[in-house]
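Please take the sequence and the model below together, and let the paragraphs that follow lead you from the whole chain to single residues.

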Amino acid sequence: MHENRAMNSPEAATAAPPAAVAAPAGTPSVAFVSLGCPKALTDSELILTRLAAEGYATRQDAAGADLVIVNTCGFIDEAVQESLDAIGEALADNGRVIVTGCLGARAAEGGDNLVRSVHPKVLAVTGPHATEEVMDAVHRHVPKPHDPFTDLLPPIGVKLTPRHYAYLKISEGCNHRCTFCIIPAMRGDLVSRPVGDVLSEARRLFESGVKELLVVSQDTSAYGVDVKYRTGFFDGRPVKTRLFDLARQLGEIAAPFGAWVRLHYVYPYPHVDEVLPLMAEGLVLPYLDVPFQHAHPDVLRRMKRPASGEKNLERLARWREICPQLVVRSTFIAGFPGETEAEFETLLDFLREARIDRAGCFAYSPVDGAAANGLPGQLPDELRAERQARFMAVAEQVSTEKLKARIGATMQVLVDEAKALGRHGAVGRSYADAPGIDGVVHLQPPRKASTRVRAGEFVRARIVATQGHDLVAEPL
Ligand code: SF4
(Lines give C-alpha, C1' and ligand atoms only; values in the text may rest on other atoms or scores of the structure.)
Protein backbone atom coordinates (compact mmCIF):
# COMPACT_ATOMS: atom_id res chain seq x y z
CA MET A 1 0.00 0.00 0.00
CA HIS A 2 1.10 3.58 -0.41
CA GLU A 3 1.34 5.82 2.59
CA ASN A 4 0.69 9.55 2.76
CA ARG A 5 -0.35 9.88 -0.81
CA ALA A 6 -0.19 12.97 -2.89
CA MET A 7 -3.02 15.35 -2.14
CA ASN A 8 -6.07 14.64 -4.18
CA SER A 9 -8.42 17.58 -3.86
CA PRO A 10 -8.41 21.01 -5.47
CA GLU A 11 -7.02 22.34 -2.19
CA ALA A 12 -4.07 20.05 -2.47
CA ALA A 13 -1.07 20.40 -0.22
CA THR A 14 1.85 18.21 0.56
CA ALA A 15 1.69 16.04 3.62
CA ALA A 16 4.94 15.04 5.24
CA PRO A 17 4.87 11.35 6.12
CA PRO A 18 4.50 10.81 9.83
CA ALA A 19 7.90 9.97 11.19
CA ALA A 20 8.31 6.39 12.21
CA VAL A 21 9.04 6.60 15.92
CA ALA A 22 11.53 4.15 17.35
CA ALA A 23 9.80 2.56 20.29
CA PRO A 24 10.54 -0.24 22.75
CA ALA A 25 9.48 -3.72 21.62
CA GLY A 26 5.86 -4.39 22.44
CA THR A 27 4.77 -0.77 22.07
CA PRO A 28 1.45 -0.71 20.24
CA SER A 29 1.81 0.83 16.81
CA VAL A 30 -0.49 2.58 14.36
CA ALA A 31 0.06 3.15 10.63
CA PHE A 32 -1.44 6.29 9.16
CA VAL A 33 -2.61 7.16 5.65
CA SER A 34 -3.31 10.87 5.21
CA LEU A 35 -5.28 11.97 2.17
CA GLY A 36 -7.05 15.19 1.30
CA CYS A 37 -6.68 18.93 1.62
CA PRO A 38 -4.70 20.99 4.15
CA LYS A 39 -7.67 20.95 6.56
CA ALA A 40 -7.56 17.16 6.50
CA LEU A 41 -3.80 17.35 6.93
CA THR A 42 -4.18 19.33 10.15
CA ASP A 43 -6.68 16.73 11.39
CA SER A 44 -4.04 14.07 10.68
CA GLU A 45 -1.46 16.09 12.59
CA LEU A 46 -3.74 16.38 15.60
CA ILE A 47 -4.41 12.65 15.64
CA LEU A 48 -0.73 11.79 15.18
CA THR A 49 0.18 14.20 17.97
CA ARG A 50 -2.29 12.53 20.31
CA LEU A 51 -1.05 9.08 19.35
CA ALA A 52 2.54 10.10 20.07
CA ALA A 53 1.58 11.83 23.33
CA GLU A 54 -0.14 8.68 24.52
CA GLY A 55 2.89 6.54 23.70
CA TYR A 56 1.73 4.77 20.55
CA ALA A 57 4.42 4.17 17.95
CA THR A 58 3.58 5.36 14.43
CA ARG A 59 4.90 3.44 11.47
CA GLN A 60 4.68 3.49 7.72
CA ASP A 61 4.10 -0.18 6.90
CA ALA A 62 0.50 -1.12 7.41
CA ALA A 63 1.22 -4.84 7.55
CA GLY A 64 3.40 -4.56 10.66
CA ALA A 65 1.15 -2.18 12.62
CA ASP A 66 -1.52 -3.08 15.15
CA LEU A 67 -4.02 -0.90 13.34
CA VAL A 68 -4.27 1.51 10.40
CA ILE A 69 -5.99 4.90 10.38
CA VAL A 70 -7.02 6.24 6.97
CA ASN A 71 -7.85 9.95 6.85
CA THR A 72 -9.97 10.31 3.73
CA CYS A 73 -11.10 12.92 1.25
CA GLY A 74 -14.62 13.02 -0.14
CA PHE A 75 -14.47 16.09 -2.33
CA ILE A 76 -14.52 14.90 -5.96
CA ASP A 77 -15.21 11.49 -7.47
CA GLU A 78 -11.54 10.80 -8.10
CA ALA A 79 -10.69 11.61 -4.47
CA VAL A 80 -13.53 9.43 -3.22
CA GLN A 81 -12.28 6.50 -5.28
CA GLU A 82 -8.71 7.01 -4.10
CA SER A 83 -9.89 7.06 -0.50
CA LEU A 84 -11.99 3.92 -0.95
CA ASP A 85 -9.02 2.20 -2.60
CA ALA A 86 -6.72 3.20 0.25
CA ILE A 87 -9.16 1.74 2.78
CA GLY A 88 -9.38 -1.47 0.74
CA GLU A 89 -5.59 -1.76 0.64
CA ALA A 90 -5.30 -1.14 4.37
CA LEU A 91 -7.89 -3.84 5.02
CA ALA A 92 -6.01 -6.26 2.78
CA ASP A 93 -2.62 -5.47 4.32
CA ASN A 94 -3.67 -5.25 7.95
CA GLY A 95 -7.36 -5.96 8.45
CA ARG A 96 -7.85 -3.53 11.36
CA VAL A 97 -8.77 -0.13 9.93
CA ILE A 98 -10.27 3.06 11.35
CA VAL A 99 -11.55 5.58 8.80
CA THR A 100 -11.80 9.30 9.47
CA GLY A 101 -12.17 12.47 7.38
CA CYS A 102 -14.68 13.89 4.93
CA LEU A 103 -15.52 10.63 3.18
CA GLY A 104 -16.44 9.15 6.55
CA ALA A 105 -19.29 11.66 6.73
CA ARG A 106 -20.73 10.84 3.32
CA ALA A 107 -23.86 8.81 2.81
CA ALA A 108 -24.31 6.28 0.01
CA GLU A 109 -27.47 6.18 -2.07
CA GLY A 110 -30.13 4.92 0.30
CA GLY A 111 -28.71 6.85 3.23
CA ASP A 112 -26.24 4.31 4.71
CA ASN A 113 -22.71 5.40 5.46
CA LEU A 114 -20.78 5.22 2.19
CA VAL A 115 -17.54 3.85 3.66
CA ARG A 116 -19.37 1.16 5.63
CA SER A 117 -21.43 0.15 2.63
CA VAL A 118 -18.29 -0.40 0.51
CA HIS A 119 -16.03 -1.70 3.30
CA PRO A 120 -18.24 -3.22 6.02
CA LYS A 121 -15.19 -4.64 7.84
CA VAL A 122 -13.75 -1.28 8.97
CA LEU A 123 -13.62 -0.99 12.75
CA ALA A 124 -14.91 2.58 13.02
CA VAL A 125 -15.81 5.50 10.79
CA THR A 126 -15.82 9.16 11.79
CA GLY A 127 -16.22 12.42 9.92
CA PRO A 128 -13.58 15.18 9.80
CA HIS A 129 -12.37 17.15 12.90
CA ALA A 130 -12.94 14.13 15.11
CA THR A 131 -9.71 13.59 17.03
CA GLU A 132 -11.53 12.51 20.21
CA GLU A 133 -13.68 10.00 18.37
CA VAL A 134 -10.71 8.58 16.49
CA MET A 135 -8.75 8.25 19.74
CA ASP A 136 -11.74 6.57 21.40
CA ALA A 137 -11.85 4.06 18.55
CA VAL A 138 -8.08 3.49 18.79
CA HIS A 139 -8.38 2.88 22.55
CA ARG A 140 -11.18 0.38 21.98
CA HIS A 141 -9.15 -1.69 19.54
CA VAL A 142 -5.54 -1.17 20.65
CA PRO A 143 -5.32 -0.49 24.39
CA LYS A 144 -3.27 2.51 25.40
CA PRO A 145 0.38 1.80 26.20
CA HIS A 146 1.16 1.80 29.89
CA ASP A 147 2.49 5.12 31.11
CA PRO A 148 3.61 5.10 34.74
CA PHE A 149 2.76 8.80 35.07
CA THR A 150 -0.55 9.32 33.29
CA ASP A 151 -1.86 5.85 34.16
CA LEU A 152 -2.24 7.05 37.71
CA LEU A 153 -5.30 8.83 36.34
CA PRO A 154 -8.54 7.01 35.55
CA PRO A 155 -9.58 7.18 31.84
CA ILE A 156 -12.29 9.74 32.59
CA GLY A 157 -9.87 12.03 34.42
CA VAL A 158 -10.24 13.18 38.00
CA LYS A 159 -13.88 13.40 39.09
CA LEU A 160 -15.16 14.98 42.26
CA THR A 161 -18.47 13.11 42.08
CA PRO A 162 -19.05 9.51 43.21
CA ARG A 163 -18.19 6.96 40.54
CA HIS A 164 -21.81 6.32 39.55
CA TYR A 165 -22.79 9.82 38.48
CA ALA A 166 -21.06 12.60 36.59
CA TYR A 167 -21.71 16.06 35.23
CA LEU A 168 -21.27 16.66 31.52
CA LYS A 169 -20.72 20.29 30.56
CA ILE A 170 -21.97 21.00 27.04
CA SER A 171 -21.20 24.71 26.75
CA GLU A 172 -19.64 27.63 28.56
CA GLY A 173 -20.89 31.20 28.87
CA CYS A 174 -24.25 32.73 28.10
CA ASN A 175 -25.78 35.07 25.50
CA HIS A 176 -28.36 36.51 27.91
CA ARG A 177 -27.96 39.50 30.17
CA CYS A 178 -30.20 38.80 33.14
CA THR A 179 -29.93 41.86 35.33
CA PHE A 180 -29.19 39.93 38.55
CA CYS A 181 -26.37 37.85 37.02
CA ILE A 182 -22.73 38.52 36.21
CA ILE A 183 -21.91 35.17 34.60
CA PRO A 184 -21.73 36.57 31.04
CA ALA A 185 -19.29 39.22 32.29
CA MET A 186 -17.14 36.54 33.89
CA ARG A 187 -17.42 33.72 31.36
CA GLY A 188 -18.38 35.50 28.16
CA ASP A 189 -20.93 34.62 25.52
CA LEU A 190 -22.12 31.10 24.79
CA VAL A 191 -19.50 28.72 23.40
CA SER A 192 -20.88 25.27 22.66
CA ARG A 193 -18.54 22.29 22.86
CA PRO A 194 -18.34 20.24 19.62
CA VAL A 195 -21.13 17.69 19.72
CA GLY A 196 -18.77 14.82 18.80
CA ASP A 197 -16.54 15.65 21.79
CA VAL A 198 -19.51 15.86 24.13
CA LEU A 199 -20.88 12.49 22.96
CA SER A 200 -17.44 10.84 23.10
CA GLU A 201 -16.99 12.05 26.67
CA ALA A 202 -20.45 10.73 27.55
CA ARG A 203 -19.61 7.30 26.16
CA ARG A 204 -16.32 7.21 28.10
CA LEU A 205 -18.20 8.08 31.27
CA PHE A 206 -20.76 5.32 30.77
CA GLU A 207 -18.00 2.84 29.89
CA SER A 208 -16.26 3.68 33.13
CA GLY A 209 -19.34 2.88 35.22
CA VAL A 210 -21.32 6.13 35.34
CA LYS A 211 -25.01 5.34 35.79
CA GLU A 212 -26.36 8.86 35.75
CA LEU A 213 -25.19 11.66 33.49
CA LEU A 214 -26.18 15.19 34.44
CA VAL A 215 -26.08 17.60 31.50
CA VAL A 216 -25.11 21.09 32.63
CA SER A 217 -24.37 24.49 31.13
CA GLN A 218 -25.56 28.04 31.71
CA ASP A 219 -28.37 27.62 29.17
CA THR A 220 -28.81 24.06 27.94
CA SER A 221 -31.66 24.97 25.57
CA ALA A 222 -29.33 27.33 23.69
CA TYR A 223 -26.83 24.58 22.87
CA GLY A 224 -25.48 25.14 19.38
CA VAL A 225 -26.91 28.65 18.84
CA ASP A 226 -23.38 30.09 18.65
CA VAL A 227 -22.34 27.65 15.90
CA LYS A 228 -25.67 27.91 14.05
CA TYR A 229 -26.50 24.30 15.01
CA ARG A 230 -23.50 23.11 12.99
CA THR A 231 -23.41 19.45 11.99
CA GLY A 232 -20.71 17.53 13.84
CA PHE A 233 -19.89 13.84 13.78
CA PHE A 234 -20.13 10.95 16.19
CA ASP A 235 -19.27 7.39 15.17
CA GLY A 236 -19.12 8.53 11.57
CA ARG A 237 -22.69 9.79 11.65
CA PRO A 238 -23.66 13.44 11.28
CA VAL A 239 -25.21 14.95 14.44
CA LYS A 240 -26.45 18.51 14.74
CA THR A 241 -25.14 20.68 17.58
CA ARG A 242 -28.64 21.09 18.97
CA LEU A 243 -30.44 20.16 22.19
CA PHE A 244 -32.85 17.65 20.65
CA ASP A 245 -30.14 15.82 18.69
CA LEU A 246 -27.78 15.84 21.65
CA ALA A 247 -30.44 14.53 24.04
CA ARG A 248 -31.46 11.75 21.66
CA GLN A 249 -27.87 10.67 21.06
CA LEU A 250 -27.08 10.74 24.78
CA GLY A 251 -30.15 8.60 25.45
CA GLU A 252 -29.10 6.12 22.79
CA ILE A 253 -25.55 5.92 24.15
CA ALA A 254 -26.86 5.49 27.72
CA ALA A 255 -29.42 2.78 26.87
CA PRO A 256 -27.09 -0.27 26.59
CA PHE A 257 -25.57 0.69 29.95
CA GLY A 258 -29.03 1.04 31.53
CA ALA A 259 -27.94 4.54 32.59
CA TRP A 260 -29.87 7.75 33.15
CA VAL A 261 -29.51 11.08 31.33
CA ARG A 262 -30.79 14.13 33.23
CA LEU A 263 -31.09 17.65 31.77
CA HIS A 264 -30.37 20.75 33.84
CA TYR A 265 -30.80 24.50 33.15
CA VAL A 266 -33.31 24.09 30.37
CA TYR A 267 -35.03 27.36 29.45
CA PRO A 268 -38.63 27.01 28.32
CA TYR A 269 -38.05 27.91 24.66
CA PRO A 270 -40.54 26.43 22.18
CA HIS A 271 -38.04 23.92 20.76
CA VAL A 272 -37.75 22.23 24.17
CA ASP A 273 -41.17 20.70 23.35
CA GLU A 274 -39.32 18.35 20.97
CA VAL A 275 -37.37 16.82 23.84
CA LEU A 276 -40.48 15.70 25.73
CA PRO A 277 -41.23 12.70 23.46
CA LEU A 278 -37.67 11.46 24.19
CA MET A 279 -38.62 11.53 27.87
CA ALA A 280 -41.92 9.75 27.23
CA GLU A 281 -39.96 7.07 25.31
CA GLY A 282 -37.57 6.61 28.23
CA LEU A 283 -34.41 7.77 26.39
CA VAL A 284 -33.95 10.75 28.71
CA LEU A 285 -35.20 11.02 32.30
CA PRO A 286 -38.60 12.74 32.51
CA TYR A 287 -37.09 15.47 34.65
CA LEU A 288 -36.51 19.08 33.69
CA ASP A 289 -34.62 21.63 35.68
CA VAL A 290 -36.09 24.92 34.40
CA PRO A 291 -34.94 28.09 36.14
CA PHE A 292 -38.14 30.17 35.87
CA GLN A 293 -36.98 32.76 38.46
CA HIS A 294 -40.37 34.49 38.50
CA ALA A 295 -43.82 34.37 36.94
CA HIS A 296 -44.93 37.97 36.64
CA PRO A 297 -44.15 39.35 33.17
CA ASP A 298 -43.10 42.77 34.50
CA VAL A 299 -40.65 41.26 36.98
CA LEU A 300 -39.30 38.97 34.25
CA ARG A 301 -38.84 42.01 32.03
CA ARG A 302 -36.94 43.82 34.76
CA MET A 303 -34.86 40.68 35.20
CA LYS A 304 -34.36 40.53 31.39
CA ARG A 305 -35.08 36.82 31.49
CA PRO A 306 -34.77 34.83 28.27
CA ALA A 307 -38.29 33.32 28.29
CA SER A 308 -41.28 35.40 29.36
CA GLY A 309 -43.72 34.05 31.95
CA GLU A 310 -46.99 34.42 30.07
CA LYS A 311 -46.86 31.15 28.15
CA ASN A 312 -45.14 29.04 30.77
CA LEU A 313 -48.31 27.55 32.29
CA GLU A 314 -49.50 26.47 28.85
CA ARG A 315 -46.08 25.12 28.04
CA LEU A 316 -45.94 23.08 31.25
CA ALA A 317 -49.43 21.70 30.55
CA ARG A 318 -48.34 20.67 27.05
CA TRP A 319 -45.17 19.03 28.37
CA ARG A 320 -47.19 17.03 30.90
CA GLU A 321 -49.64 15.99 28.22
CA ILE A 322 -46.77 14.55 26.17
CA CYS A 323 -45.02 13.06 29.20
CA PRO A 324 -47.33 12.71 32.23
CA GLN A 325 -44.58 11.46 34.55
CA LEU A 326 -42.54 14.66 34.02
CA VAL A 327 -40.99 16.15 37.16
CA VAL A 328 -40.14 19.85 37.06
CA ARG A 329 -37.56 21.48 39.28
CA SER A 330 -37.13 25.22 39.30
CA THR A 331 -35.58 28.10 41.17
CA PHE A 332 -37.14 31.47 41.87
CA ILE A 333 -36.15 34.83 43.32
CA ALA A 334 -38.41 36.56 45.84
CA GLY A 335 -38.10 40.26 46.61
CA PHE A 336 -36.51 41.36 43.30
CA PRO A 337 -36.18 45.16 43.07
CA GLY A 338 -39.57 46.78 42.52
CA GLU A 339 -41.54 43.55 43.21
CA THR A 340 -45.00 44.59 44.39
CA GLU A 341 -47.21 42.48 46.64
CA ALA A 342 -49.47 41.83 43.63
CA GLU A 343 -46.50 40.66 41.52
CA PHE A 344 -45.39 38.38 44.32
CA GLU A 345 -48.93 36.97 44.64
CA THR A 346 -48.80 36.19 40.89
CA LEU A 347 -45.67 34.17 41.58
CA LEU A 348 -47.42 32.20 44.36
CA ASP A 349 -50.43 31.59 42.10
CA PHE A 350 -48.09 30.33 39.38
CA LEU A 351 -46.42 27.97 41.82
CA ARG A 352 -49.80 26.55 42.94
CA GLU A 353 -51.12 26.23 39.40
CA ALA A 354 -47.91 25.00 37.77
CA ARG A 355 -47.53 22.38 40.52
CA ILE A 356 -43.74 22.62 40.39
CA ASP A 357 -42.47 19.40 41.94
CA ARG A 358 -39.23 20.81 43.32
CA ALA A 359 -39.04 24.56 43.82
CA GLY A 360 -36.20 26.45 45.45
CA CYS A 361 -36.32 30.14 46.27
CA PHE A 362 -33.66 32.73 47.05
CA ALA A 363 -34.39 36.03 48.72
CA TYR A 364 -33.00 38.54 46.20
CA SER A 365 -29.49 39.55 47.08
CA PRO A 366 -27.43 42.02 45.02
CA VAL A 367 -24.31 40.69 43.33
CA ASP A 368 -21.35 43.04 42.82
CA GLY A 369 -21.44 44.35 39.26
CA ALA A 370 -25.01 43.21 38.44
CA ALA A 371 -27.28 45.64 36.58
CA ALA A 372 -30.18 44.97 38.98
CA ASN A 373 -28.27 46.80 41.71
CA GLY A 374 -29.19 50.07 39.98
CA LEU A 375 -32.92 49.31 39.63
CA PRO A 376 -35.34 51.44 41.61
CA GLY A 377 -37.48 49.94 44.38
CA GLN A 378 -34.89 47.86 46.27
CA LEU A 379 -36.86 46.07 49.00
CA PRO A 380 -35.80 45.87 52.63
CA ASP A 381 -34.03 42.65 53.65
CA GLU A 382 -36.85 41.63 56.00
CA LEU A 383 -39.46 41.84 53.27
CA ARG A 384 -37.31 39.74 50.90
CA ALA A 385 -36.83 37.12 53.62
CA GLU A 386 -40.52 37.15 54.48
CA ARG A 387 -41.51 36.58 50.84
CA GLN A 388 -38.96 33.80 50.50
CA ALA A 389 -40.50 32.08 53.56
CA ARG A 390 -44.05 32.49 52.17
CA PHE A 391 -42.89 31.09 48.85
CA MET A 392 -41.26 28.07 50.49
CA ALA A 393 -44.40 27.32 52.52
CA VAL A 394 -46.45 27.05 49.30
CA ALA A 395 -43.65 25.15 47.53
CA GLU A 396 -43.50 22.60 50.34
CA GLN A 397 -47.24 22.12 50.30
CA VAL A 398 -47.21 21.39 46.54
CA SER A 399 -44.15 19.18 46.81
CA THR A 400 -45.54 17.18 49.76
CA GLU A 401 -48.83 16.56 47.95
CA LYS A 402 -46.94 15.34 44.92
CA LEU A 403 -44.67 13.12 47.00
CA LYS A 404 -47.63 11.58 48.86
CA ALA A 405 -49.21 10.66 45.54
CA ARG A 406 -46.23 8.33 44.97
CA ILE A 407 -47.00 6.12 47.98
CA GLY A 408 -47.67 2.61 46.75
CA ALA A 409 -45.78 3.14 43.47
CA THR A 410 -42.77 1.05 42.47
CA MET A 411 -39.80 3.12 41.36
CA GLN A 412 -36.30 2.50 40.15
CA VAL A 413 -33.84 3.90 42.67
CA LEU A 414 -30.15 4.62 42.06
CA VAL A 415 -28.39 3.80 45.32
CA ASP A 416 -25.96 6.49 46.53
CA GLU A 417 -24.97 5.01 49.90
CA ALA A 418 -25.30 1.48 51.20
CA LYS A 419 -23.37 -0.69 53.58
CA ALA A 420 -23.69 -4.44 54.14
CA LEU A 421 -25.87 -4.80 51.00
CA GLY A 422 -28.39 -2.40 52.52
CA ARG A 423 -29.03 -4.56 55.61
CA HIS A 424 -28.98 -1.43 57.77
CA GLY A 425 -30.86 0.70 55.27
CA ALA A 426 -29.51 2.79 52.39
CA VAL A 427 -30.01 6.09 50.59
CA GLY A 428 -30.76 6.53 46.90
CA ARG A 429 -32.66 8.67 44.43
CA SER A 430 -35.44 8.15 41.94
CA TYR A 431 -35.65 9.84 38.54
CA ALA A 432 -37.38 12.71 40.34
CA ASP A 433 -34.31 13.56 42.43
CA ALA A 434 -31.12 15.13 41.12
CA PRO A 435 -28.13 14.71 43.44
CA GLY A 436 -27.45 17.49 45.89
CA ILE A 437 -30.49 19.63 45.09
CA ASP A 438 -33.60 17.45 45.42
CA GLY A 439 -34.81 14.94 47.98
CA VAL A 440 -33.64 11.35 48.43
CA VAL A 441 -35.23 7.94 48.81
CA HIS A 442 -34.54 6.32 52.20
CA LEU A 443 -34.36 2.60 51.57
CA GLN A 444 -35.43 0.27 54.35
CA PRO A 445 -33.45 -2.94 54.92
CA PRO A 446 -34.65 -5.42 52.25
CA ARG A 447 -37.06 -8.07 53.48
CA LYS A 448 -35.83 -10.74 51.09
CA ALA A 449 -32.34 -12.07 51.78
CA SER A 450 -31.77 -12.30 48.01
CA THR A 451 -32.23 -8.52 47.50
CA ARG A 452 -28.89 -6.78 47.21
CA VAL A 453 -28.63 -3.03 47.68
CA ARG A 454 -25.26 -1.72 46.53
CA ALA A 455 -24.02 1.86 46.11
CA GLY A 456 -23.85 2.79 42.43
CA GLU A 457 -26.47 0.22 41.37
CA PHE A 458 -30.18 0.39 40.67
CA VAL A 459 -32.78 -1.30 42.81
CA ARG A 460 -36.55 -1.41 42.42
CA ALA A 461 -38.39 -0.26 45.49
CA ARG A 462 -41.97 0.29 46.63
CA ILE A 463 -42.69 3.71 48.09
CA VAL A 464 -44.20 3.30 51.57
CA ALA A 465 -44.10 6.81 53.10
CA THR A 466 -42.89 10.38 52.77
CA GLN A 467 -40.48 12.11 55.09
CA GLY A 468 -40.24 15.89 54.51
CA HIS A 469 -38.88 16.31 50.96
CA ASP A 470 -37.89 12.65 50.84
CA LEU A 471 -39.52 9.29 50.20
CA VAL A 472 -39.21 6.10 52.21
CA ALA A 473 -39.17 2.86 50.19
CA GLU A 474 -38.86 -0.85 50.58
CA PRO A 475 -36.41 -2.57 48.20
CA LEU A 476 -38.07 -5.41 46.25
S1 SF4 B 1 -29.00 33.96 34.84
FE2 SF4 B 1 -29.31 34.80 32.77
S3 SF4 B 1 -27.39 35.79 32.21
FE4 SF4 B 1 -26.98 34.49 33.98
S5 SF4 B 1 -26.26 32.59 33.10
FE6 SF4 B 1 -28.47 32.35 33.42
S7 SF4 B 1 -29.45 32.99 31.50
FE8 SF4 B 1 -27.31 33.70 31.46
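Two residues are in contact when heavy atoms of theirs lie within 4.5 Å. Helices (DSSP runs of H or I, at least four residues) and strands (runs of E, at least two) are numbered from the N terminus. A residue is called buried under 20% relative accessible area, exposed over 50%, and partly exposed in between, with a 1.4 Å probe and protein chains only. The model is a predicted one, in which local features need pLDDT of at least 70 and side-chain atom pairs count only at pLDDT 80 or more, while totals for chains, interfaces and linings use all residues. Residues are numbered from 1 along each chain as its sequence is written, and side-chain values use heavy atoms, with hydrogens and water left out.

The protein chain has 476 residues, of which 52% are buried, and its secondary structure comes to twelve helices and 20 strands. Along the principal axes, its C-alpha atoms fill a box of roughly 75 × 60 × 45 Å. Among the contacts between residues at least 6 apart in sequence, 74% join residues at least 24 apart.

Helix α4, residues 131-141, shows how one element is fitted among others. Its buried residues are Thr131, Glu133, Val134, Met135, Asp136, Ala137 and Val138, and these pack against the helices α1 (38-53) and α6 (195-207) as well as the strands β3 (67-72), β4 (97-101), β5 (124-125) and β10 (231-234).

In soluble globular proteins, nonpolar side chains tend to be buried together. A nonpolar core is here a set of buried Ala, Val, Leu, Ile, Met, Phe, Trp, Tyr and Cys residues joined through side-chain atoms within 4.5 Å. The largest such core holds 59 residues, and those touching the most other members are Phe206, Leu250, Met279, Leu288, Ile356 and Phe391. Helix α7, residues 243-254, gives the most to this core, with seven residues.

Most residues other than glycine have a negative phi. Gln293, although not a glycine, has a positive phi of about 70°, and is found in the loop between β13 (287-289) and α9 (297-303). Lys304, also not a glycine, has a positive phi of about 55° and is found in the loop between α9 and α10 (312-322). Gln293 counts as buried because its relative accessibility is 10%, whereas Lys304, at 54%, counts as exposed.

Two further residues belong to the region around helix α12 (381-404). Gly369 is found in the loop between β15 (358-363) and this helix, and is exposed because its relative accessible area is 71%. Arg384 lies in helix α12 and is buried, with a relative accessible area of 10%.
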